[in-house]
Amino acid sequence: MRFAIPTLAMVFLIGPALGQASFEYWPDTDYDSEIPTIEGVLGYGAGERIFSHAEIMRYVKHLANAVPDRMQLFNYSTTWEGREVVYAVIGSAANLARLENIRTDIETVSDPRKTKAKAARELMASLPTTVWLGYSIHGNEISGANAGLLTAYHLIAAQGDPLVEHAMKETLIFIDPLQNPDGRDRFVRHFYENLGLVADEHPLAAEHNESWPAGRTNHYLFDLNRDWFALTQPESQGRIRAMRQWLPLVVADLHEMGHNSTYYFPPPALPHNPHLIQAQKDHLEGVGRNNAKWFDRFGIDYFTREVYDAFYPGYGDSQPAYYGAVAMTYEQASARGLVMRRTAGDDLAFRDGVRNHFVASLGTIEYAADNREKLWKDFYEYRRTAVDEGRRGKVQTYILPKRGDISTVRKLVGILTEQGIEVEEAARSFKACGESIPAGSYIISLAQPEKRLIRTLLDPVVPLDKDFVAEQERRRARNLPDEIYDITAWSLPLAFNVELVTCSSSIRVERTIVSRDDLQRSQFDGANAKVAYLVPWGSAGSGRLLAASLRAGLHVLSADKAFSQGGREYAAGSLIFKVDQNPDDLEARLRLLAGKTGADVFAADTSWVDDGPNFGSGNVAHLPAPKIGLVWDTPTSSYNAGATRFVLERQYGYPVTPIPARLMRNADLANFNVIILPQSGGSYAAEFGESGATRLKDWISDGGVLIPIGNAVNYLIGSDVGLLDVLQEERVLIDDEGKAVEMKELPEPEEGEINADGRLFESADQFREAIQANDVLPDSLPGALLRANVDQEHWLGAGAPDTVNVMVQGRNIYAPITIDKGINVAYYPGPDDLLASGYLWEENRKQLAYKPFMVVQPHGRGLVIAFTSDPNFRGYMDGLNTLFLNAVFRAPGHARRLVPAGAELH
């Protein structure tokens, strides 16, 4: 992707306005004239232009080629849009000459089970401190990437700087200059398309205000700073593989925040994850104090211990902490361009952000160099004590049994192994912890260096600090915003809805270490089937095989009820490929697809079943290959729209047509079987208009399947659209005894009246009741995992377990649909059984009980299938995939949709 370079006239008008010529990033520094400068290679100084990915790559390659003895470049991933993602290693010539030896010594030191303290000390005495600096993981947080280039140049070219000389001797610096190339280029394109004669400082200027979806996210609109443990995206996967090779001791993730702020560095705000240890917190304090020294010297304002916490493990400043790193976030106020006018009236220049991140980078490197011995000692102790705790703790072993959705179990094991967690596979069945465990199950001993990461990712609950929770409740009572920065639950077994067995002892059974290559397996039982091939429904593998079969043009049937044949049980939803309805090479095709998807396939030589519907029953539906439309662009939530598209396209391999919402007013929807309405950040009514609503209603009546997600449900409620007969609930107040408070409606004053009837308050409770607002929505939830019961008798519940876990955020609670209008396919249980993990406000816990998660309502020949919370949250709620796939792939087989002849379905 190319970007126009500003003309000389533009440079003349933009550059002097910001005083670039006199600006010094590190005053009184002499630089080696033989080292290529940023301006010499790219034509602009570090703070003069927002560099594109191509420009960043051009400079880092140029610099690495100029000094190969002090800088090496490594590719660690390729984005969905084909851009390379790299990191540079910078250090002294002596250290780079022994780079591979350093890596193997780090690997040796990192396992205290094999390397005892004395041997570790001997190795650590000669190891440099390793520092990883990651820039601009959010593509529109622009100063970081330029600061990364400046940091690399300064380390290579500065002469006579004692900080640099000390750092090059004592540390290896890893610079990840641009963590999100696709998002970066989206922002850069926007900025230079909207830039005028001069850089405009006004916050309303178009250059500062991006159109949907903005540059924060990657190609599939994922927030990569929430993906560090789920590893759904190639950028995250490659970065974790790279970091696992080096296990850097100090990790800084450099971001931007609102333009009216200043600069944030650690210590972090509360709450802290309980699996962080005191030594890490002490180092964070030390880094903060060292940065403060430099910021005071430069006159840069900053803050600490506010806003940015250390609880959720999916950030760049948290996931590395659980292998033992000292990991942190830096946040710089963003100019979102070359200059931005703040509310106070002063101008924030882009170059200021570049300078501030550069100073923080050098301060961090200096701390790492000054504390080399202690950082290595604390790293070794972190991992040694993790092993000891795993041997002696209340939880000593986790087991992931080989049952249920086995392909999802294997996916989870793959995610764990990618993060350095040792997983073993049992060679035979065994009994442990009161359970009978089948052969092939996965065993995770906590007596390993990654023990704290294991507990963080697998524990059903990671508790919030009680004092912190009490403070949030106090703030909420005063109508103040809570200070919970992100979700409060993320347990991967719960998100994937797989069984986790917890043991208080070690397990003795023959087993082997698992590698990533061991995990893609399938079973193909039988050849030359006379009647059909059967695929049990309810696993990720069967979902992938269904999608691939439909794209390949195979004729697929699906049973709405469970059946059994030859002693094997087939869940409702199971797939039937009849030999006489498919190509002659059906077996070869299915064998190939089974190997690729991990699905199990079984041959059937008869259509006779022992129990349940026969293959010719009315309870067996043909599944057409659906044409899927996903409403796109404003007003959709880019996160939800992107995750929905990602799940269908990349997890299940089925293409989706993104339809800009503004086109829905006049869109011909005849060729689509399914249309998905993502959560909304605005108004569907405003985008669709009356004509769009009419077209949508006519399309559904003619057999279309509409799937609204989250607050998109609101658009369908009410007389204007009238496609869903559920209602959004207002808040219910709960008293100290857990009972609903009856709000007393005060009479509305007549127009012009300024007096109110007198009232006597006899208690503080009456005062608190009097100040409550009427007709308001429930308090917003930051994010918790809630259980939902599934109606397995309904075909939309086919293949799903009887209970699933749902990530619930926000304040939308809906009344259940009545049985004369539709079916509540999945709904939350009673208040005492509702919470699976995380923290819930008490009123929400009471009010969410017995409310729907998944609702279906017929209209004419079509269906509306609503999810009241996002089933594809951040792309890792795999335990909800079967319900979502039922809505997308099985529903068109139940809607009586007549697709025009010649319509392309795959």
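Predicted model: local features only at pLDDT ≥ 70, side-chain atom pairs only at ≥ 80, totals over all residues.
Begin by selecting helix α20 (residues 638-651) together with helix α25 (residues 881-890), whose axes come within 12 Å and cross at roughly 85°. Because of that angle, α20 counts as roughly perpendicular to α25. Now show the side chains where the two helices touch: on α20 these are Thr644, Val647, Leu648 and Gln651, while α25 contributes Asn881, Phe884, Leu885, Val888 and Phe889. If you colour this contact by class, you will find 6 nonpolar and 3 polar residues, with no charged ones.

Turn next to the salt bridges, of which the structure holds 54. Select Arg511 and Glu424, whose side chains meet in a salt bridge with 3.0 Å from N to O. Arg511 belongs to strand β20 (residues 511-513) and Glu424 to strand β15 (residues 424-426), so this pair ties together parts that lie 87 residues apart in sequence. Of the two partners, Arg511 is partly exposed at 24% relative accessible area, whereas Glu424, at 18%, is buried.

Then move to helix α16 (residues 466-477), where Glu473 and Arg476 sit 3 residues apart, about one turn of the helix. They form a salt bridge whose closest N and O atoms are 2.9 Å apart; here Glu473 is partly exposed, at 23%, and Arg476 is buried, at 17%.

Finish at Asp347 and Arg341, a salt bridge with its closest N and O atoms 2.2 Å apart. Asp347 is partly exposed, with a relative accessible area of 37%, and Arg341 is also partly exposed, at 31%.

Definitions and conventions:
Residues numbered from 1 in each chain as written. Heavy atoms only, no water. Axes fitted to C-alpha atoms, helices over the stretch in contact; angles between N-to-C directions. Helix = DSSP H or I, 4+ residues; strand = E, 2+ residues; numbered from the N terminus. Parallel < 35°, antiparallel > 145°, perpendicular 65-115°, else oblique. Contact = heavy atoms within 4.5 Å. Nonpolar A, V, L, I, M, F, W, Y, C, P; charged D, E, K, R; others polar. Salt bridge = Lys/Arg side-chain N within 4 Å of Asp/Glu carboxyl O. Buried < 20%, exposed > 50% of the residue type's maximum accessible area, 1.4 Å probe, protein only.
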